[in-house]
Amino acid sequence: MGISYKINQKCIEINSLLEKQIDYSCQDAHQPELSSDPPAPILAPYSYRLNSSLVLIFTVGLVLSSLIFPTKLEAVPIFARKYNKSCQTCHVSEPKLNAFGELFRANGYQLPGTIEDTPPWSKRRVDIAGMLHEMAVDRVIQSNMDATPPPGLPPRGHYEVRSFRDAGGHLWFGGTMGRNLSFFASVGVEQELDVQNGRFGSPTHAHWEQAFLMYNNLFNSGTGMANVRFGLFELEVPFSNLRRLSSALAPYEVYNIRGVKGSFHLSAPQVGTALNGLIHNGINSLRYELAIVNGTNGHFDSNVEFDTYGRIAVSRLFDNFLGLLKQARVGALYYSGTQNLKDLPENPYPTGAMLDYWKDEYGINVHVDKENSSFYRRGVDFSIDFELPNFLSIGPLKLPFGHAINIYGQFLEGHDDDIDMTDLPMPLLGADEEAGDHGGHKILAGNSDHDDHEEEHANEWITRPFDFEGGFIGADVVVIPAKLYFITRYDWVDVSNQWADPVDGEFPRENLTFSTEYAARGDDMPYGMTGAQDQYSRYVLGFRWHLIQPFTLIYEYGYQDNLFGFPEPPPLMYNPDWTAGMGRVVNVDSDWHMFMVMFAF
Amino acid sequence: MFEKRFILFIFVSTFLFSQEKSDLLELGKKVYTESCAVCHGLSGKGDGVVASNLEVKPRNFTDGKFKVRSTKSGQVPLDEDLYRILSRGMGHDNAMPTWSHLSVDKKHAVVAYLKTFAPKKFARQARVKVVPVPPRKESTRESIAAGKQWFLDIECTKCHGLSGRADGPSTKTLKDSWGNKIVPPDLSKPWLYIGGSKAEDIYRTLATGLTGSAMPAIEGTLTEDQTWDLVNFLMHEYIDPGNNAPR
């Protein structure tokens with residue numbers, strides 16, 4: 001009894017201490033960054049190969065434990081410590097926010113319609129929230145590579161990778177700091193998948209993912225109507241890559257697409273300032289953001305131009321319209337920016353003088369465009385929440401759950417002037433002279449050993465436009481509230497021109513979809529612009545099962561075709577830049593099964 | 001002349017009062033739609049966009065059943081009860097947060113607006129009977145022991161379990177009046193008590209029950225004295241043993 005008292009008392013003390021803490025926005029694991037290393041000629045999966053039976057036992061054990069032990073979510077995560085609430089108050093499933101969570105976030109991490117005016121010095125406790133969010137991942141990736149490879153690599157291959165690893169942790173801090181002042185910061189500790197000497201490595205590093213201050217209710221405009229934030233933050237994109245339900249292997253792909261040498265990711269955090277708000281009367285709402293950012297996703301900014309971003313979305317709350325519709329939202333975004341090679345994180349001389357050329361990570365000399373190249377993204381999006389009638393009810397047999405469904409979609413098109421890469425004195429591994437003399441790229445930009453084009457184009461920087469369109473459409477289904485969720489999403493990207501074909505652009509893959517640009521380009525484009533791999537797509541299907549607290553079991557199956565250009569999974573099998581540089585026609589179809597256990601405290 | 005002035009006074013007063021009430025309801029509707037409708041639904045039926053993903057469903061205001069009250073079982077709550085729930089929230093398992101940062105005016109306005117969802121029920125609000133909470137009985141060894149015996153005798157253990165950790169034989173089969181599965185709180189976790197975890201709150205919850213749930217009102221089953229014994233046992237055993245040690 002005495003021990004029981006002590007334990008109870010301890011719980012009360014802990015709860016009391018943490019009462020004022022807050023959690024409001026879980027985030028997913030950061031995606032592994034692109035490796036700067038070329039792919040290993042021979043993969044060495046044996047060192048990471050795990051007895052699959054162990055994985056099976058572990059997984060089955062977790063599932064059984066959820067059946068044996070009480071399954072109710074009893075966590076007191078951070079948000080609950082301030083507001084005494086469960087995760088589902090704000091989250092569909094962590095980290096995706098529900099409508100209430102979005103209102104909470106829009107109001108500077110305060111309950112909608114409220115202004116917390118308690119000065120920080122009077123709280124007698126540190127008003128900081130923290131959550132450790134670690135994941136162990138077991139995944140199988142199988143890839144079928146159909147390529148014309150450099151020497152040393154087989155023309156075709158089947159690669160299989162299995163891993164069982166710790167994918168990292170995250171800490172979040174946030175809350176209010178007094179009247180109209182709130183803050184948010186998150187630190188990620190991640191293991192990067194990397195290829196070193198033909199083996200996988202996993203260097204770990206910690207970094208700020210986001211860190212910003214937010215002043216709310218400018219000009220007493222009303223709760224959450226006009227806020228300004230400053231620091232490192234994710235733009236108000238329609239669907240946050242940091243709060244999506246799918247895993248790191250399945251980001252919103254269209255947000256990550258950029259030109260061959262671009263570095264911009266739409267949904268990666270930016271440094272800058274933004275004016276945003278939510279104007280609403282409960283039924284109709286207008287969400288907006290106007291941002292000025294440095295355009296380098298948090299890296300050192302070396303150009304003098306600021307990027308601008310605008311986002312507007314309107315939504316309406318329905319009272320079961322047609323018996324099922326709950327909420328609908330449509331929105332649009334526009335991003336305009338500039339970049340140059342010095343913006344690239346790999347650039348070893350970010351603060352140096354303008355370089356005439358720069359050696360990229362493969363030792364290839366690349367000219368630096370002395371002018372900034374511009375790019376833009378623009379898109380529209382929608383999101384619909386509805387609830388199907390319990391059509392599975394048959395007489396007295398009723399399933400004890402509803403089926404709330406969120407269907408969402410994004411269409412985005414983008415254009416990069418792209419950074420100049422003409423006059424590439426790069427080796428053509430595996431290519432013969434008939435391959436088009438580097439696709440004719442030497443004819444441009446002052447190469448001395450070529451024909452009369454040289455004079456015409458000497459010292460003339462030729463930008464290489466890169467256009468794409470794409471998007472995704474997906475659905476999240478609440479199968480059992482606060483327990484089981486089903487997710488599915490289809491991503492596609494259609495690239496109209498790409499820096500890929502080593503030969504001369506006349507070697508399209510079979511079954512590719514021809515684009516009009518292909519016919520028009522031909523040999524005119526340096527180094528051969530191609531229509532090959534101009535489309536790719538990915539399909540993800542999975543579920544999330546909240547087991548006993550604090551475990552969540554996540555399973556995903558993914559399939560993607562025409563991997564070219566996909567940043568993920570980058571270093572394991574294939575590096576898109578490398579392939580571009582080598583100029584091979586590559587088709588990598590990949591699929592994976594992934595089990596993930598998420599811990600949230 | 002006097003009669004004319006009196007009639008005019010009545011007319012103006014009525015107009016002003018109705019205007020004031022209208023303004024209050026307008027404000028209440030505004031706050032409700034901005035802050036409450038995502039869970040409780042625009043028409044107050046507890047079917048907002050978030051509701052279907054919540055384990056404990058938001059209250060359907062249209063049927064006039066409220067769990068946490070100071071009134072007798074089955075009766076509508078007082079305005080003070082609604083105001084208290086708004087200010088304090090309803091425990092961790094329940095998605096109803098504490099709205100303590102809403103201004104007093106807004107909370108009063110929301111309370112007034114909530115009542116419009118079940119006008120017939122709340123028309124009888126003036127006639128409800130409040131269950132009194134008498135001064136707390138001293139927490140003695142005898143009182144705690146008696147409370148423990150009441151805990152067993154009136155079969156609290158069926159739902160809350162012998163250990164009080166929501167592991168009783170009936171725990172997994174409980175449903176509320178709306179057919180939703182409910183789980184009684186683990187008594188050792190005071191943050192789960194939807195009616196509050198102070199001694200007076202627990203007394204009120206025991207005495208009035210939680211309408212619509214499986215928690216019955218024990219008023220009439222136990223006397224005030226016996227109810228306090230039970231409260232003393234719960235406080236001593238589960239909630240705050242350090243401050244409720246037997247004297």
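At what angle do helix H5 (residues 141–153) and helix H8 (residues 224–239) of chain B pack?

## Helix packing in chain B

The model is predicted. In it, helix H5 (residues 141–153) and helix H8 (residues 224–239) of chain B pack at an angle of about 95 degrees, and their axes are 7 Å apart. Angles of 65 to 115 degrees count as roughly perpendicular, so H5(B) is roughly perpendicular to H8(B).

From H5(B), the contact draws on Ser143(B), Ile144(B), Ala146(B), Gly147(B), Lys148(B), Trp150(B) and Phe151(B). H8(B) contributes Gln226(B), Asp229(B), Leu230(B), Val231(B), Asn232(B), Phe233(B) and His236(B). Sorted by class, this contact of H5(B) with H8(B) has seven nonpolar, five polar and two charged residues.

## Contact between chains A and B

The contact involves 43 residues from chain A and 37 residues from chain B. On the side of chain A that touches chain B, at least two residues each come from helices H1 (2–17), H3 (78–83) and H4 (99–106) and from strands E12 (307–321), E13 (325–339) and E16 (373–388). H1(A) gives the most to this side, with five residues.

By class, the side of chain A that touches chain B consists of 19 nonpolar, 17 polar and seven charged residues.

## Pro251 of chain A

Pro251(A) lies in the loop between strand E9 (227–233) and helix H5 (253–256) of chain A. Is Pro251(A) buried or exposed? Pro251(A) has 23 other C-beta atoms within 10 Å, so Pro251(A) is buried; the cut-off for buried is 20 or more.

Leu547(A) is 296 residues from Pro251(A) along the chain, and the C-alpha atoms of these two residues are separated by 24 Å.

Definitions and conventions. Residues are numbered from 1 along each chain as its sequence is written. Chains are lettered from A and ligands numbered from 1 in the order in which they are written. This is a predicted model: local features need pLDDT of at least 70, side-chain atom pairs count only at pLDDT 80 or more; totals for chains, interfaces and linings use all residues. Two residues are in contact if their C-beta atoms, placed from the backbone, lie within 7 Å. Helices (H or I, at least four residues) and strands (E, at least two) are DSSP runs, numbered from the N terminus. Ala, Val, Leu, Ile, Met, Phe, Trp, Tyr, Cys and Pro count as nonpolar, Asp, Glu, Lys and Arg as charged, and the others, Gly among them, as polar. A residue is buried if 20 or more other C-beta atoms lie within 10 Å of its own, exposed if 12 or fewer, and partly exposed in between; C-beta atoms are placed from the backbone. Axes are lines fitted to C-alpha atoms, for helices over the stretch in contact, and angles run from 0 to 180 degrees between N-to-C directions. Angles under 35 degrees count as roughly parallel, over 145 as roughly antiparallel, 65 to 115 as roughly perpendicular and the rest as oblique.
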